[in-house]
Amino acid sequence: MRKAHIAIFSIALGFAGLLHAQAPSGAAVAPAVKGPQASGLVSGQPAAAAASPGTAGIQGQNIFEVKPEASEDPSYLKQSNGERARVQPGNNAPMWRQVGAGATGYSSLPKSEAPEAGNLIQPFVQYPGSRLTNAGEAWRQVRNNWLIPYGGALLLIVMLALAFAYFAKGPIKTKLPATGRKIERFTPFERAAHWANAIAFVVLGVSGVVMAFGKFFLLPIMGGTLFGWLTYALKNLHNFAGPLFAVSLVVVFFTFLKDNWPEKGDLQWILKGGGMLGDGHAPPSNRFNPGSKIIFWGGVFFLGIIIIASGFVMDKIVPGLIYERGTMQIAHMVHALTSVFMLAMFLAHAYLGSVGMEGAYDGMRHGYVDEAWAQEHHEYWYDDIKAGRIPAHRSEAAAQGQPVQA
Ligand code: HEM
């Protein structure tokens, strides 16, 4: 029995000895082992089943010959792997310490195919919000100590605020009586672009939230097996919905661009907080009010570009980029941060575009709004329509070959 144990231990040490023979090279790495220990000799004595001459490292070690008391040497912690092997054959701690600190060994694989082949543990780095530690751990700290708790808190706060707005204040109603006369607010093309984008966004939002926060609210309910499969499926869905979102976002951007430039009355609208400050009366606005414009430029444009770019990096579809672990870590942190802000923004947008404001959803669902709605919420736009500067039915006007302006 004891023999068997010794044999197993010998095999383990033999493996460690092999690693010792492959200790990484480079400036940060201990000098190569020279002399007797390279062939398994310890202080002139054979190190148990000594390696054959010319073979570095040890091939076996008798457990009774390992000297734990060697650690009492004051220079024990400064030993190189070779020095350590001399006093404790098979103890490769110095080499592993260097591996842990990010030392890169030699690999003959081309960098384009295997950029990190010689490197097991990434070098030390300090990401914003992390300690100075190896990059994998630094990334983990940023994710678990910042992105998840604060990102989750922001989303919960936004949801609570919207729930409060709905239950305490109720949806924004149109005070003017409905006229029954309709104005075309969104053409079929605009609606198709918007909903394609919104559906992709919802898929991304739900799958992203489950990937990031699901372990807190789903795992305890459904258990590891089901949660694992669900997250796996959603992760793949996320990877495919991303490019669809990107394409539809570009279409949405160019479709709505011309009505999202700053216009007269915008500043006034902002100063009155969109009607929330002052007499509570919604200030006049153009086709889109500054609130929508902020979402357009901040959410669709600015956050959109960053989210799509970082997502494409994680999807590994950016040609010519070398995908190292550090590339993925940075892309992930940027993606998670911007996604949380975008989700917060579009939760508010989706609230106002559905249950939060009477009549808004109809415009995007069917294309038409009542004149009273247009007058009350977008008075300058309504005035332009009444004055004939913008056709009330743009699709029909376009079909008749008239110039179409929103
Ligand atoms: C998922 C739920 C969503 C709902 C219920 C929703 C609803 C609406 C509604 C009702 C409007 C018309 C508002 C108005 O008449 O002024 C609108 C406009 C718009 N939505 Fe959404 N939306 C959603 C998601 C999104 C997403 C994910 C994006 C883009 C990332 C987006 C971008 C836009 C844009 C660009 C406009 C035109 C307003 C502007 O350009 O300022 N929407 N949405």
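How do the residues of the shell around the ligand divide into nonpolar, polar and charged? There are 14 nonpolar, nine polar and two charged residues in that shell. Nonpolar here means Ala, Val, Leu, Ile, Met, Phe, Trp, Tyr, Cys and Pro; charged means Asp, Glu, Lys and Arg; the others, Gly among them, are polar.

Before going on, the conventions. This is a predicted model, in which local features need pLDDT of at least 70 and side-chain atom pairs count only at pLDDT 80 or more, while totals for chains, interfaces and linings use all residues. Residues are numbered from 1 along each chain as its sequence is written.

Back to the ligand. The shell has 25 residues, and the closest are Phe 201, Ser 292, Ala 350, Gly 353 and Met 364.

Now the protein as a whole. It has 13 helices and six strands, taken as DSSP runs numbered from the N terminus, with helices being H or I of at least four residues and strands being E of at least two. Of the 406 residues, 28% are buried. Buried means 20 or more other C-beta atoms within 10 Å of the residue's own, exposed means 12 or fewer, and partly exposed is in between, with C-beta atoms placed from the backbone. Among contacts between residues at least 6 apart in sequence, 63% join residues at least 24 apart; a contact is two C-beta atoms, placed from the backbone, within 7 Å.

Helix 5, residues 188-217, bends by about 55 degrees at Met 211, and helix 6 bends by about 80 degrees at Thr 225. The bend is the angle between axes fitted to the seven residues ending at a residue and the seven starting there.

For helix 6, whose buried residues include His 238, Phe 245 and Phe 256, the cover includes helix 5 and helix 8.

Phe 245 comes up again in the largest nonpolar core, which has 28 residues; Trp 139, Val 142, Phe 245 and Met 333 have the most contacts inside it. Such a core is a set of buried Ala, Val, Leu, Ile, Met, Phe, Trp, Tyr and Cys residues joined through C-beta atoms within 7 Å. Helix 9 gives the most to this core, with seven residues. Apart from it lies another core of seven residues, including Ile 183 and Tyr 382.

Last, two single residues. Ala 85, in helix 2 (residues 81-87), is buried because 29 other C-beta atoms lie within 10 Å. Lys 316 sits in the loop between helix 8 and helix 9 and has a positive phi, near 60 degrees. Most residues other than glycine have a negative phi. Lys 316 counts as partly exposed because 13 other C-beta atoms lie within 10 Å.

Notes: A residue is near a molecule or strand if its C-beta atom, placed from the backbone, lies within 6 Å of it.
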